[in-house]
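Subject: The structure for you to look at

Hi,

Here is the structure I promised to pass on to you. Please open it beside this email, and then read on for what turned up in it.

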Amino acid sequence: MNQNTPTMRSKAKALLSLHTWSGIILGMLLYAVIFTGTVAVVSDEIGEWSNSNRHQNLVVTSNVNSTVNRLAAMTEQDYLDEISLYENHRQQLVYFFHTHKQNPSGEMDEYGTQYLVNSQGEVVSQQDGFGSELYAQDDSNALSRFLVAIHTELHIPSPWGLILTGILGLAMLIAAVSGFMMHRHLFTDIFAIRKQRDGKPLKRDSHTVAGTWSIPFAILLAFTGSFFSFATAFGLPAMAVVAFGGDQEAMMYTLVGEQQNKSEAPLESANLNKMVTDAAERQSSVPYFITVSHRGTESASMSAFFMPHEGKVGFEQLVYDATDGSFVEYKPQVGTVPSAGSVIMSLIYPIHFGTFAGLISKIIWISLGVAACYVTITGLQLYAFRNEKGETPWRWFSRLCIWGFYGLPLCSLSCAIGFFVSGEMELNQSAWTPLSFVIAAAVISAMSLLIKNLTVLKQVLFVANGVFCLTLPALRFLSSGKGWLEAAKQDMIAMMFIDIALLVCAGWCFYALYTLLQPGNKLAGNQTQPIEQQEMAK
């Protein structure tokens, strides 16, 4: 025997321990972040689906120049420093005339007057406030905003939520790298499901296969996700202290590249419509966001922001001199001159959320996200199975796995139901969407404590998930009256995609329930008796 064999076994054992404990300690929270991240990949599509609308490209088809002139005349002079403009999910243009000042949390924020303008140019809503508050009250994206916030911050106050998700990203990175190093037969493990295996051996093989396929994806997502969390929670504040003496405003001027010495001398600005049209023609796309700074002065400028689209991977920002309407530059995302850092920054978001090739890349990212969820679930379940017949204190772990794995999707579906029902009852959707999630979590927690038989608990949660998946497309149709035929005529791909995805999920839930009810199901077999009866049988 090779003398190095004991050393190699020792290293392999250490890697296995690192892989296991990094997964166990943060596994449930990691599952929550991965699951909601998989949903967040289609957050834009969920926004369109929940409103049964699609963007009408109002930024380029409306007379935004005339509307800005009209709204500016009825807005306080203090709020004319900057104007932001975008189309929401209800076919309305959102105009926000604002300046910058500290909000009650002590952070620099936008403050001013927000107008919602419909496609006919009529003001349907007007309210004053901080930008962060107005965004949080926007019912049009209440559902997608809530789901994305779970992924990014777990709805924990800043910066602690970002710190926790950053740590979870590192845990995922450790589990993925240690899993990669343990695989001495990486390529053979890709197809390692052996014949005539079922029950726990099949689950172990499935965990290995799914984990092997998703290792590169897991490393990529873990790195980019940790970067997002730690850069926001630590990176930017630390940079402000070290390089700018704590002056975050000066730091943002440097990073964003906005000119600091501005002339406020009056000068008529150029027509916004022409600049927006020119930007759209240069990019062969429609800008998703427009900002106009110091309009009506010698320092007036306009920036048009574009999402990654066909043939492009990163974001694009075009800058115009708004005094004469001339094109100035393709601005780097960070700083004032092109750099490797700016290129990397522009790539991280598309890579993390799979937005670089439209719906196709998103479907691939969803598939890999589902695989990563499966790896997390089976990894924790294998550990739970291994300890079920061991020490009694670990018996709660199986119940915790069922509560988390099947409860989180049910809570997410419940908040979507809360969104539709509150909308029909003309209630505050921004409040009832998260409240529905909390109510569902409380009900599921009570059921998990009251139902002693774990198999019955799993069956109930499967049925509830399946029924809710079937209910949501019906609720969406009842709330909007838009069916698939009309959606196809209006090219509403996102709406049909989410409907079909929910129906597929419903079919999978009922198939899994059917499988679970089969007499020969060995995974269910060791859980058909209540824990107390299993202990008495021993």
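Aspartate 499 and arginine 476 form a salt bridge, and their closest N and O atoms are 3.0 Å apart. Please keep in mind that this is a predicted model. The pair links distant parts of the chain, with aspartate 499 in helix α18 (residues 493-517) and arginine 476 in helix α16 (residues 454-480), 23 residues apart. Both aspartate 499 and arginine 476 are buried.

How many salt bridges does a search of the whole structure find? The search finds three. Another of them joins the side chains of lysine 362 and glutamate 45, at 3.0 Å from N to O. Here too distant parts of the chain are linked: lysine 362 sits in helix α13 (residues 358-388) and glutamate 45 in helix α2 (residues 43-51), 317 residues apart. Lysine 362 counts as buried because its relative accessibility is 7%, under the 20% cut-off. Glutamate 45, at 12% relative accessibility, is buried as well.

There is also a salt bridge between arginine 282 and aspartate 278, where the closest N and O atoms are 2.6 Å apart. These two residues are four apart in helix α11 (residues 272-283), so about one helical turn separates them.

Two packed helices are described by the angle between their axes and the distance between the axes. For α2 and α18 the angle is about 95 degrees, and the axes are 8 Å apart. An angle from 65 to 115 degrees counts as roughly perpendicular, so that is how α2 and α18 lie to each other. On the α2 side the contact is made by Glu45, Ile46, Glu48 and Trp49, and on the α18 side by Ala494, Met495, Ile498, Asp499 and Leu502. Sorted by class, this contact has six nonpolar, no polar and three charged residues.

Beyond its neighbours within four places in sequence, tryptophan 49 is in contact with Leu143, Phe420, Leu472, Arg476, Met495, Ile498, Asp499 and Leu502. That list includes both partners of the salt bridge I began with, Arg476 and Asp499.

In soluble globular proteins, nonpolar side chains tend to be buried together. In this model the largest nonpolar core has 69 residues, and Trp49, Leu143, Phe405 and Leu472 are those with the most contacts inside it. Helix α14 (residues 396-424) gives the largest share of this core, 14 residues. Another core lies apart from it, with 31 residues, among them Leu85, Tyr111, Met275 and Ala304.

Helix α2 also holds glycine 47, which is buried at 0% relative accessibility. Which residues does glycine 47 contact, leaving aside neighbours within four places in sequence? They are His89, Ser140 and Ser144. Glycine 47 and histidine 89 are 42 residues apart along the chain, with 6.3 Å between their C-alpha atoms. Histidine 89 has its place in the loop between β1 (82-87) and β2 (92-102), and it is buried with a relative accessible area of 13%. Not counting residues up to four places away in sequence, histidine 89 touches Asp44, Gly47, Glu48, Asn51, Asn53, His55, Ser140 and Asn141.

Serine 214 shows another meeting across the sequence. Serine 214 lies in helix α9 (residues 199-244) and is buried at 4% relative accessibility. Serine 214 and leucine 368 are 154 residues apart in sequence, and their C-alpha atoms are 6.4 Å apart in space. Not counting residues up to four places away in sequence, serine 214 touches Ala371 and Val375.

Finally, here are two backbone details to look up. Serine 52, in the loop between α2 and α3 (58-61), has a positive phi of about 50 degrees although it is not a glycine. Aspartate 491, in the loop between α17 (484-489) and α18, is not a glycine either and has a positive phi of about 60 degrees. Serine 52 is buried at 1% relative accessibility, whereas aspartate 491 is partly exposed with a relative accessible area of 45%.

Enjoy exploring!

Best wishes

Notes:
Residues numbered from 1 in each chain as written. Predicted model: local features only at pLDDT ≥ 70, side-chain atom pairs only at ≥ 80, totals over all residues. Heavy atoms only, no water. Salt bridge = Lys/Arg side-chain N within 4 Å of Asp/Glu carboxyl O. Buried < 20%, exposed > 50% of the residue type's maximum accessible area, 1.4 Å probe, protein only. Core = buried A, V, L, I, M, F, W, Y, C linked by side-chain atoms within 4.5 Å. Contact = heavy atoms within 4.5 Å. Axes fitted to C-alpha atoms, helices over the stretch in contact; angles between N-to-C directions. Parallel < 35°, antiparallel > 145°, perpendicular 65-115°, else oblique. Nonpolar A, V, L, I, M, F, W, Y, C, P; charged D, E, K, R; others polar.
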